[in-house]
Amino acid sequence: MATLHYAQSWEDPRLLWKAWSDFPCDEVHLIASGGDHALELLHHGIPRIHVYDTEVAQLKHIEQKILALDSPHRDRLFGAGAFALKGGLLHAGRLEGYLRTFSRTLLPVLVSRRTREALYETTDIPSQLDFYHSSQWQSKRWRWFAQRYFSPERVNTKARHPGLIQNQGRSAVTPNYLAQFEQCLATHRLADNPYLDYLLFGGHAHGDLPYLKGDLHDVQPRILLHPEGLQQALQKLPPAPRFIHASDILEGYPSEGIDDFFRTINQSTTSGSTLVFWDHRFQTTPPAFFLESWCRIAPPFPDRVPFYHRYHIYHRP
């Protein structure tokens, strides 16, 4: 059976929606992942989205979500709300299994459920940070186990897609996932961060993903699933204004392939296009020929996901 690597999308859809809102266009192209960012953008009103993945399991998973949206048993099928601890479409991936093992097996020994709930109930970011840094949370055991469970080597082996963990001749940055978790606590309230909520409670314990709260139905004609890579697909398309979300696929590119990727973006787009992508282990600098036509947009607000160290928004005026 093919491995489902990501049951959810682990890129902040607020960043995607903000970028599209600032520079809207009709042609929207996304890396598939778990499909949640695509469903979130449809929930916001984007009329049609193209979704790409070479992994058939990822596309079939999105198909299941599309069908489940119209089911009278939607929450049970997704594993949302009261069904979060019983499994479902939101929890069936390799990464989600890794996170749930931590939050449901190891974390309760380190930090009690009552203490985690108290962190959630703080009223603002300063009090949230004060509580997290207090003796109620901090212990040598917490830091020792958290650092080791989320060491880059362990995450690469147990949780990430194997195609994204090779250095490919590039100089990698060593992620510090605990520091990135703490940075998210310093920029967003836990009550407004479903990604940290999932990490600390093994599910979206304090609310569902936004598209599951709304009245999102009949999306099948609006989301087009393509069993091929994003770059491969763009190479076949004529130039047009396009919104492109490339996630962190450049993680799997050799150094000599980076220029080719940006060349494809150039050739398949025209003025009015936007490119969004994330850095996980590498510092990606677009080539000079790309920067002649594109300008980098300052980040509108911090990322809520604690896995990436930087995200990029480029617009072609």
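Trainee: Which residue of β7 stands opposite Ser-273?

Mentor: This is a predicted model, in which local features need pLDDT of at least 70, side-chain atom pairs count only at pLDDT 80 or more, and totals for chains, interfaces and linings use all residues. Residues are numbered from 1 along each chain as its sequence is written, and side-chain values use heavy atoms, with hydrogens and water left out. β5 (273-279) and β7 pair in the antiparallel sense, over seven bridges. The residue of β7 opposite Ser-273 is Arg-316.

Trainee: Which residue of β7 stands opposite Cys-295?

Mentor: Strands here are DSSP runs of E with at least two residues, helices are runs of H or I with at least four, and both are numbered from the N terminus. Two strands pair if DSSP finds at least two bridges between them. β6 and β7 are antiparallel partners with two bridges, and opposite Cys-295 stands His-315.

Trainee: Which are the edge strands of the sheet?

Mentor: Seven strands make up an open sheet with mixed pairing, in the order β3-β2-β1-β4-β5-β7-β6. β2 (residues 49-52) runs parallel to β3, joined by four bridges, and His-50 faces Leu-224 of β3 across that pairing. The strands that pair on one side only are β3 (223-226) and β6 (295-296).

Trainee: How many of the seven residues of β7 are buried?

Mentor: Buried means under 20% relative accessible area, exposed means over 50%, and partly exposed lies in between (1.4 Å probe, protein chains only). β7 is largely enclosed by the rest of the structure, because the buried residues number six of seven.

Trainee: Is Ser-247 buried or exposed?

Mentor: Ser-247 is found in the loop between β4 and α14. Its phi is positive, about 50 degrees, although Ser-247 is not a glycine. Because its relative accessibility is 4%, Ser-247 counts as buried.

Trainee: Where does Ser-33 lie?

Mentor: Ser-33 has a phi near 50 degrees, a positive value in a residue other than glycine. Most residues other than glycine have a negative phi. Ser-33 counts as buried, because its relative accessibility is 7%. Its place is the loop between β1 (27-31) and α2.

Trainee: Which residue follows α2 and has a positive phi?

Mentor: α2 is mostly covered, with seven of its nine residues buried. Among those buried are Asp-36, His-37 and Glu-40. The residue after the helix, with phi near 120 degrees, is Gly-45.

Trainee: What is the volume of the largest pocket?

Mentor: On a 1 Å grid over the protein atoms alone, a pocket is an open set of points with protein on both sides within 12 Å along at least five of seven lines, a cavity is a set where a 1.4 Å probe fits but cannot get out, and lining residues have an atom within 4 Å of a point. Points are joined across faces, edges and corners, and a volume is the space filled by probe spheres set on them. The largest pocket has a volume of about 640 Å³.

Trainee: Which element gives the most to the lining of the largest pocket?

Mentor: The largest pocket has a volume of about 640 Å³. Its lining holds 32 residues, and those closest to the centre are Ile-31, His-161, Leu-164, Asp-248 and Ile-249. Two or more residues each come from α5 (94-110) and α13 (230-234). With three residues, the element that gives the most is α5.

Trainee: How many residues of the lining of the second largest pocket are charged?

Mentor: The second largest pocket has a volume of about 270 Å³. Of its 18 lining residues, the closest to the centre include Pro-194, Asp-208 and Arg-304. Classes are nonpolar (Ala, Val, Leu, Ile, Met, Phe, Trp, Tyr, Cys, Pro), charged (Asp, Glu, Lys, Arg) and polar (the others, Gly among them). The lining has seven nonpolar residues, four polar, and a charged count of seven.

Trainee: Which element gives the largest share of the lining of the largest cavity?

Mentor: Two cavities of 30 Å³ or more are found in the whole structure, and the largest holds about 100 Å³. Its lining, which includes Phe-102, Trp-142 and Phe-181, has 11 nonpolar residues, no polar and no charged. The largest share, three residues, comes from α10.

Trainee: Which element gives the largest share of the lining of the second largest cavity?

Mentor: The second largest cavity holds about 70 Å³. Its lining includes Asp-36, His-37, Pro-194 and Arg-304, and divides into six nonpolar, two polar and four charged residues. The largest share, three residues, comes from α2.

Terms used:
Contact = heavy atoms within 4.5 Å. Axes fitted to C-alpha atoms, helices over the stretch in contact; angles between N-to-C directions.
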